Amino acid sequence: MDNIRFLLVIAFAMIVLLLWQAWQKDYGPQPAIAQIENPTVADVKEDLPATTNAPAQADGQQVTTAPLAAVSTAAIVTVKTDVIALEIDMQGGTIQNLDLLNYPVEKDNTIVNSIRKLVGLAAAEKNHQPVRLFNSSPEKMFIAQSGLIAASGNAAAPDHHTIYAHEASSYVLADGQDSLTVPLTWTDNNGLAMTKTFVFKRGSYEITLNQNIKNNTGKDWSGRQYSQLLRVPFKENSGNMLTAGMRAYDGGVVYTEKDKYKKINFDDMVDENLDTATQGGWAAMIQHYFASAWIPPAESENHFYTKHLKDERYVIGSYSPPVTVANNTETQFVSRLFSGPKIQPVMEKIAPGLELTVDYSVLTFIGKPIYWLLNKIHSFTNNWGFAIIGVTMCIKLLMFPLTQASFISMARMRKIQPRLKELQERFADDRPRFNKEMMDMYKKEKVNPLGGCLPILFQIPVFMSLYWVLSETVEFRQAPFLLWIQDLSAMDPFLVLPVIMGITMKIQQGLNPPPIDPVQAKILKMFPLVFTVFFLFFPAGLVLYWVVNNTLSIIQQTYITKKINAQA
C-alpha cells in the first residue's frame, strides 16, 4: 500500500511539474519572428484559393490591384463599435488591426500598486492597450481576406488584391444605433460591378459580409465567393515532448460534418494542403482566449482549404459552389466573420461547434461540466473566485462517499500504526512473514490498504481539467476575486495563496499515517515545500481551488480521526 501511495503522489507531482512548465511556456518570453520580405507577383497569385487555376481575365479585362508590397499602400477605412475597433484596407476590403476594446492587454492592480508605493517602489507599468487580434505588422501578420473567383471565360471578379472605392474614411456606431453598415464598391469597364458590404452590430463580435455582384456584361457570369484567414505564427508553437500536449493550442481549426472539430496546426499545413468539402462548417485560427472564424452559409456545400505560403505565412479558408448570374441580374454572396473572445454561450449561438475552440484537451468531458457549473454559480455570486469555491464544494460533495471511506481507512491505519511498527521490528529479517502478518491485521481491523490512494487517483483528472478550464476560459482572464487577487488567471502577486496551500498540505499530511519505510517518509515530508514552489507560478484560481479543497479535507479528516480514536 505504501509503495502504491508513494507512486501516486510521485505521479501527481509530475503532473504538477508538467502543468507548471506549460504555464511558463504560455507566459514566458517568445522568440522573435523574422521580417517578411515583399511578396512577388507569383506570391500574390499563390495566396488565392487553388480553384483560381482557371483564367482570371476575359476579353482582355484586368482587375485593378494595388502595388505589391509587404504593407498595402491603398486607402484605409476605420470602423469602431462599442466592442471592437478595426481597419478595412481598400485593397481587397481586407480586415486588419482589429482591437478588442473590452480586453486590455494588462490591467492595473490598485492594491498591489498601493503596497508598492508604501514600500517606496514605483507602480508597475502596465500595457493598457486593447488586445489586437488582427494585425497588419509583418512580424505579427494576421488578416481576414475575402473576394470572388470568376469561372473560366468570365469577366474578372474582384478578389482580395482588388482596389475598392469607399464613401467615407471613418465609421462609428453612434449611441442608440444598433447596427453599422460599411459599403465598398468596385466596377469594371465590361459591365460587372460589386458592392462589398460589412455589417456590424452592437455588442457583437460577429461581422456579416455581403458581396453583391451585378452583371451587365451582356452574357451570363459564373463565379464563387471565398473567405480566408492569413497568418504568421508570431508565437512559439513547438514545445518539448513533455509539454507539447499540455499547452493552449495555437493554430488552425476546421469544423466539418464528417470530422466535426479538427485541429490543423501549422506543421500540418506545411506537410499537406487541406482539401475537403462539407455542408456548412467553418474555418478558424485560434489562440489563447481568442478566436477568428469565417463561417460560410450553412445551407451550401463549402470547400475548405489550407496553404503554406512563402515567408512562413499560412492560409485557411473556404470557397462556395459556383453561382451563375444571368445578364442584367444580380446576386448576393453572404458569409460571416467571428473575431473575438472565446465565450462559449456566445459562440454556441453563432455556429455549430464553434464553442469547441475553447480547448480543454482530452479532458473536455470533465472540463465542460466544470465550466457549466462555474457559470451557474457565477450567475448568483457575480464573482469567479466564489464560483471556484462553490465548484470545489460541489466536487467535494460529489466525492464525499469515496473520501469518507478513504479517511475512515486512513484513520484506522493511523490507529494501528504502532502495531505495524512492532511487526516490522519483529520480522525485520523475514519480509514475507511481515507482509502476511500485516495483511492479516488489515483484514482484522477492516483497513483498506488502497483507501488512501483513491482520492488522489480521482483528483488528478479533476485537477488537470480545472487547470485547463482556468487557463483556457476567457472569463477568468483578469477576473478579480478579493483584495490583492485581481486576476484569477495569473499568479498571486504576493504569493500568499501558495504559502497557505503549502501549510494546509502540511497539516493534511500530518493527519495521514506516515509510510513505514523511513526513506519514503522523509521524501513525502518534502512534498508540501516542493508543491508550494510549483504553485507559486500557477494561476491564483487554481491555487484557490486547492486551498479550499485541502481545508475541507482537513475538517473532514479531523472529525473522522477523532471519531475513530474515540471508539474502543
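**Chat on the model**

Analyst: Leucine 542 is buried, because its relative accessible area is 0%. Keep in mind that this is a predicted model.

User: Where is leucine 542 placed?

Analyst: Leucine 542 sits in helix H15, residues 540–566.

User: And how far apart are the C-alpha atoms of leucine 542 and glycine 385?

Analyst: The separation is 9.9 Å, for two residues that are 157 residues apart along the chain.

User: What about proline 49, where is that?

Analyst: Proline 49 is in the loop between helix H2 (41–46) and strand S1 (76–80). Proline 49 is buried, with a relative accessible area of 0%. The C-alpha atoms of proline 49 and lysine 307 are separated by 8.4 Å. Along the chain, those two residues are 258 residues apart.

User: OK, salt bridges. How many are there?

Analyst: The count comes to six salt bridges. Let me take a few. Glutamate 206 pairs with arginine 336, and their closest N and O atoms are 2.9 Å apart. That pair links distant parts of the chain: glutamate 206 is in strand S10 (residues 206–215) and arginine 336 is in strand S20, 130 residues apart.

User: Is glutamate 206 buried or exposed?

Analyst: Glutamate 206 counts as buried, because its relative accessibility is 19% and the cut-off for buried is under 20%. Arginine 336 is at 24%, so it counts as partly exposed.

User: Next one. What does arginine 231 pair with?

Analyst: Arginine 231 forms a salt bridge with aspartate 250, the closest N and O atoms being 2.9 Å apart. Arginine 231 lies in strand S11 (residues 221–231), and aspartate 250 is in the loop between S11 and strand S12 (251–256), so the pair ties together parts 19 residues apart in sequence. Both arginine 231 and aspartate 250 are buried.

User: And lysine 263, which side chain does it meet in a salt bridge?

Analyst: Lysine 263 meets aspartate 359, at 2.4 Å from N to O. This pair also links distant parts of the chain, 96 residues apart. Lysine 263 is in strand S13 (residues 260–264). Aspartate 359 is in the loop between helix H5 (344–350) and helix H6 (364–381).

User: Which way does burial go for those two: is lysine 263 buried or partly exposed?

Analyst: Lysine 263 counts as partly exposed, because its relative accessibility is 36%. Aspartate 359 is at 11%, so it counts as buried.

User: Why would such side chains pair at all?

Analyst: Side chains of opposite charge can pair when their charged atoms come close.

User: Changing topic. How do H12 and H14 pack?

Analyst: Helix H12 (residues 496–511) and helix H14 (residues 527–535) pack at an angle of about 155°, with their axes 9 Å apart. H12 and H14 are therefore roughly antiparallel to each other. Their crossing is right-handed.

User: And at what angle do H6 and H7 cross?

Analyst: Roughly 125°, and the axes of H6 and helix H7 (residues 384–398) come within 8 Å. H6 is therefore oblique to H7. The crossing of H6 and H7 is right-handed.

User: Now the backbone. What is the phi of asparagine 328?

Analyst: Phi of asparagine 328 is near 65°, a positive value in a residue other than glycine. Most residues other than glycine have a negative phi.

User: Where is asparagine 328 found?

Analyst: Asparagine 328 is in the loop between strand S19 (323–325) and strand S20 (329–341). Asparagine 328 is exposed, with a relative accessible area of 57%.

User: And glutamine 478, what's its phi?

Analyst: Phi of glutamine 478 is near 60°, also positive in a residue other than glycine. Glutamine 478 is in the loop between helix H11 (454–472) and H12. Glutamine 478 is buried, with a relative accessible area of 13%.

User: Last thing, the surface. Which residues make the nonpolar patch?

Analyst: Ile111, Ile115, Phe386, Leu482, Leu483 and Phe494 make a nonpolar surface patch of about 490 Å². Isoleucine 115 lies in helix H3 (residues 110–118). Isoleucine 115 counts as partly exposed, because its relative accessibility is 34%.

User: Thanks, that covers my list.

Key. Residues numbered from 1 in each chain as written. Predicted model: local features only at pLDDT ≥ 70, side-chain atom pairs only at ≥ 80, totals over all residues. Heavy atoms only, no water. Patch = residues over 30% accessible without salt bridge, like charges linked within 9 Å, V, L, I, M, F, W, Y side chains within 5 Å. Areas by Shrake-Rupley, 256 points an atom, 1.4 Å probe, with all protein chains shown as cover. Salt bridge = Lys/Arg side-chain N within 4 Å of Asp/Glu carboxyl O. Helix = DSSP H or I, 4+ residues; strand = E, 2+ residues; numbered from the N terminus. Buried < 20%, exposed > 50% of the residue type's maximum accessible area, 1.4 Å probe, protein only. Axes fitted to C-alpha atoms, helices over the stretch in contact; angles between N-to-C directions. Parallel < 35°, antiparallel > 145°, perpendicular 65-115°, else oblique. Left-handed = near helix turned anticlockwise from the far one by under 90°.
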